[in-house]
Amino acid sequence: MLFHVKMTVNLPVDMNPERAAQLKADEKALAQRLQEQGKWRHLWRIAGLYANYSVFDVDSVQELHDLLMQLPLYPYMAIEVNALCRHPSSIREDDR
Ligand SMILES: O=C(O)C[C@H]1C=CC(=O)O1
């Protein structure tokens, strides 16, 4: 199942810089692990914003929920989720 996810990060302006750096490093490590596993299929920066558009490929809504909740930056994110399905005009045979 594919889901389009928008994540907007809002770190508190008074957050300790070392704490912020650690959260970002932990987030990057998990994001790269999930990409290697094929769960986090696309990750794009939204130009000009501390935000991304992502596509997740998961087995269930519950799995998506659990992945998002475990992101280190989750407490500081606004997240929007849209379920995707195949477009009848798509020429990509490998997309579900
Ligand atoms: O930078 C972001 O968009 C937030 C988050 C998503 C992946 C990652 O490494 O950090």
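This is a predicted model: local features need pLDDT of at least 70, side-chain atom pairs count only at pLDDT 80 or more; totals for chains, interfaces and linings use all residues.

What follows is a chat in questions and answers about this structure.

Colleague: Before we start, what kind of model is this?

Modeller: Keep this in mind as we go along.

Colleague: OK, what pattern do the helices and strands follow along the sequence?

Modeller: Start with the parts list: the protein has two helices and four strands. Now walk through them in sequence order, and the pattern reads β-α-β-β-α-β.

Colleague: How many residues of the protein count as buried, as a percentage?

Modeller: First, picture the outline: the C-alpha atoms fill a box of roughly 50 × 25 × 20 Å along the principal axes. The protein has 96 residues, and the share of them that counts as buried is 31%.

Colleague: What does UniProt list for residues 1-89, and how far apart are the end C-alpha atoms of that stretch?

Modeller: The UniProt record, an unreviewed entry, lists those residues as "domain: Muconolactone isomerase". In the model, residues 1-89 are 33% helix and 33% strand.

Colleague: How many bridges join β1 to β4?

Modeller: Strand β4 spans residues 77-84, and β1 and β4 run antiparallel. As an example of a bridge, Thr8 has Ala78 as its partner in β4. The number of bridges joining β1 to β4 is eight.

Colleague: Is Asp57 buried or exposed?

Modeller: Asp57 lies in strand β3, and six of the seven residues in that strand are buried. The side chain of Asp57 also makes a polar contact with the side chain of Arg41, at 2.7 Å. The cut-off for buried is under 20% relative accessible area. Asp57 comes in at 12%, so Asp57 counts as buried.

Colleague: What about Ala29: how far is its C-alpha atom from that of Pro72?

Modeller: Ala29 belongs to helix α1, residues 17-36. Ala29 is partly exposed, with a relative accessible area of 40%. Along the chain, Ala29 and Pro72 are 43 residues apart, yet their C-alpha atoms are separated by 10.0 Å.

Colleague: And Gln37, how far is its C-alpha atom from that of Arg86?

Modeller: You'll find Gln37 in the loop between α1 and β2. Gln37 is exposed, at 52% relative accessible area. Gln37 and Arg86 are 49 residues apart along the chain, and the separation of their C-alpha atoms is 22 Å.

Colleague: Which residues form the aromatic pair, and why does the pair tie together separate parts of the chain?

Modeller: The structure holds one aromatic pair. Its rings are tilted, 4.7 Å centre to centre with 35° between the planes, and they belong to Trp40 and Phe56. Trp40 lies in β2 and Phe56 in β3, so the pair links parts that are 16 residues apart in sequence. Both are buried: Trp40 has a relative accessible area of 2%, and for Phe56 the value is 1%.

Colleague: Last one, on the ligand: how much of its area does the protein bury?

Modeller: The residues around the ligand are Val9, Glu27, Lys28, Ala31, Trp40, Arg45, Tyr50 and Asn52. An N or O atom in the side chain of Arg45 is 2.7 Å from an oxygen atom of the ligand, and a polar side-chain atom of Asn52 lies 2.8 Å from a ligand oxygen atom. Taken alone, the ligand exposes 280 Å², and the part of that buried by the protein is 89%.

Methods. Residues are numbered from 1 along each chain as its sequence is written. Side-chain values use heavy atoms; hydrogens and water are left out. Buried means under 20% relative accessible area, exposed over 50%, partly exposed in between (1.4 Å probe, protein chains only). UniProt positions are given in the numbering used here, feature names are shortened, and annotations may be inferred rather than shown by experiment. A residue is near a molecule or strand if one of its heavy atoms lies within 4 Å of it. A polar contact is a pair of N or O atoms within 3.5 Å; within protein, one must be able to donate a hydrogen and the other to accept it, and residues adjacent in sequence count only if both atoms are side-chain atoms. Accessible areas come from the Shrake-Rupley method with a 1.4 Å probe; for residues, only the protein chains shown count as cover. Rings of Phe, Tyr and Trp (its six-membered ring) pair if their centres lie within 6.5 Å; planes under 30 degrees apart count as stacked, over 60 as edge-to-face and the rest as tilted. Two strands pair if DSSP finds at least two bridges between them.
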